[in-house]
Amino acid sequence: MWSALALLSVWATVEIPWTTIGMVVGACAVVTVISAVVPAAFALRRRAVELAGLRE
């Protein structure tokens with residue numbers, strides 16, 4: 001039975017676009033780093049006293 005089905009079927013190759021997948025993953029990594037670093041940089045520019053809401 002398998003040999004009869006093999007005569008009717010065609011081998012199909014699956015092509016995976018690794019370049020496109022790599023570019024999307026790289027862009028996501030860049031956006032992730034930027035969205036994490038920019039708020040942290042703004043938070044660290046202020047003094048700890050200002051972040052706590054205390055006055056000297």
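Where is Ile16 found? Ile16 lies in the loop between α1 (2-8) and α2 (18-45). The model is predicted, with local features requiring pLDDT of at least 70 and side-chain atom pairs counted only at pLDDT 80 or more, while totals for chains, interfaces and linings use all residues. Residues are numbered from 1 along each chain as its sequence is written, and side-chain values use heavy atoms, leaving out hydrogens and water.

The protein chain contains three helices and zero strands, in the order α-α-α along the sequence. Helices (H or I, at least four residues) and strands (E, at least two) are DSSP runs, numbered from the N terminus. The mean pLDDT (the predictor's confidence in each residue, from 0 to 100) of the protein chain is 85, and 80% of the residues score at least 70. Among the elements, α2 has the highest mean pLDDT (94) and helix α3 (residues 48-52) the lowest (64). Where pLDDT is low, the predicted coordinates should not be read in detail.

Of the 56 residues, 0% count as buried (under 20% relative accessible area, with exposed over 50% and partly exposed in between; 1.4 Å probe, protein chains only). Ile16 counts as partly exposed because its relative accessibility is 43%. The accessible surface of the protein chain comes to about 5,700 Å², with 72% belonging to carbon and sulfur atoms.

Note on methods
Accessible areas come from the Shrake-Rupley method with a 1.4 Å probe; for residues, only the protein chains shown count as cover.
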